[in-house]
Amino acid sequence: MEKELVFATHNPHKFEEVQQMMPKGLRLLSLSDIGCTEEIPETEQTLEGNARLKAQHVRQRYGYDCIADDTGLEVDALNGAPGVYSARYAGPGADAQANTAKLLQALSGNARRNARFRTVIVLTEGSAFRYFEGVAEGEILEAPRGHGGFGYDPVFRPSGYSCSFAELTPEEKNAISHRGKAFRALQDYMARY
Ligand code: IMP
């Protein structure tokens, strides 16, 4: 029988991307497939904690094994902020433009601009959790560049590149991004599942 695994995201774009990475014989279910329409709480203070919380929610309420991810931008000069609060750095419901403006303001006049995107994925295996991580090192630009991607992409220059994440094609970004690396680590593990 085909093995089933839930991906705890309400983002259909992310779901589709990850679905394509799963091995044959494994059916990835969305939250709507299992009737989960509620917002899943993300109240922990670490990426690992939030990813685990989401996976645990699905496991406990719906009884499925599950994967869940959480990503943050960690800026060294800001002691790791915005980190786990990246989506709402400029306040609840803030959009990418407001978050980015707040980040540039916080680093204004600061020459120390190194930062990293970090993605953590949790896979439940019964009551156990397995963690996967992907990191993209880089620095925060002085001003936004490019129109691709989302979130903080226009102000993030990956190490070894002279352009921002927002100036790369989706394929180029995926090849070096935090999320790409984390999901490829999961994919390698799943191939042996
Ligand atoms: P999530 O955990 O994937 O929902 O990411 C949380 C937040 O981190 C997003 O709302 C974005 O602000 C930011 N973020 C995550 N991944 C990226 C990325 O690849 N580029 C730019 N910003 C990102």
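**Figure 1. Contributions of strand 3 and other elements to the lining of the largest pocket.** In this predicted model, strand 3 provides the largest share of the lining of the largest pocket, namely 5 residues. The space in this pocket amounts to about 1,300 Å³. Two or more lining residues also come from helix 1, helix 2 (47-62), helix 3 (96-106), helix 4 (170-176) and helix 5. Strand 3 itself spans residues 66-75.

**Figure 2. Residues at the centre of the largest pocket.** In total, 47 residues line the largest pocket. Those that lie nearest its centre are N11, K14, T71, F150 and R179. Sorted by class, the lining of the largest pocket comprises 16 nonpolar, 18 polar and 13 charged residues.

**Figure 3. The ligand and its surrounding shell.** The ligand takes up the space identified as the largest pocket. Around the ligand there are 13 residues, and the closest are T71, D153, K173, H178 and R179. The shell around the ligand consists of 4 nonpolar, 4 polar and 5 charged residues. At least two residues of this shell are supplied by strand 3, and at least two by helix 5.

Figure 4. For K14, a polar side-chain atom is placed 3.0 Å from an oxygen atom of the ligand. For T71, the atom concerned belongs to the backbone: an N or O atom lies 2.9 Å from a ligand oxygen atom. For R179, an N or O atom of the side chain is 2.5 Å from a nitrogen atom of the ligand. The ligand taken alone exposes 470 Å², of which the protein buries 84%.

**Figure 5. The cavity found in the structure.** When the whole structure is searched, 1 cavity of 30 Å³ or more is found. The largest cavity holds about 70 Å³ of space. Its lining is formed by K14, E17, V18, M21, N174, R179, G180 and F183. By class, these lining residues are 3 nonpolar, 2 polar and 3 charged.

**Figure 6. Helix 1 and helix 5 at the largest cavity.** Helix 1, which covers residues 12-19, and helix 5, which covers residues 178-191, each contribute at least two residues to the lining of the largest cavity. K14 and R179 are among the residues lining this cavity, and both are also listed among those nearest the centre of the largest pocket. Helix 1 and helix 5 likewise each give two or more residues to the lining of the largest pocket.

Methods:
Residues are numbered from 1 along each chain as its sequence is written. This is a predicted model: local features need pLDDT of at least 70, side-chain atom pairs count only at pLDDT 80 or more; totals for chains, interfaces and linings use all residues. Side-chain values use heavy atoms; hydrogens and water are left out. On a 1 Å grid over the protein atoms alone, a cavity is a set of points where a 1.4 Å probe fits but cannot get out, and a pocket is an open set with protein on both sides within 12 Å along at least five of seven lines; lining residues have an atom within 4 Å of a point. Grid points are joined across faces, edges and corners, and a volume is the space filled by probe spheres set on the points. Helices (H or I, at least four residues) and strands (E, at least two) are DSSP runs, numbered from the N terminus. Ala, Val, Leu, Ile, Met, Phe, Trp, Tyr, Cys and Pro count as nonpolar, Asp, Glu, Lys and Arg as charged, and the others, Gly among them, as polar. A residue is near a molecule or strand if one of its heavy atoms lies within 4 Å of it. A polar contact is a pair of N or O atoms within 3.5 Å; within protein, one must be able to donate a hydrogen and the other to accept it, and residues adjacent in sequence count only if both atoms are side-chain atoms. Accessible areas come from the Shrake-Rupley method with a 1.4 Å probe; for residues, only the protein chains shown count as cover. A molecule sits in a cavity or pocket if more than half of its atoms lie within 2 Å of its grid points.
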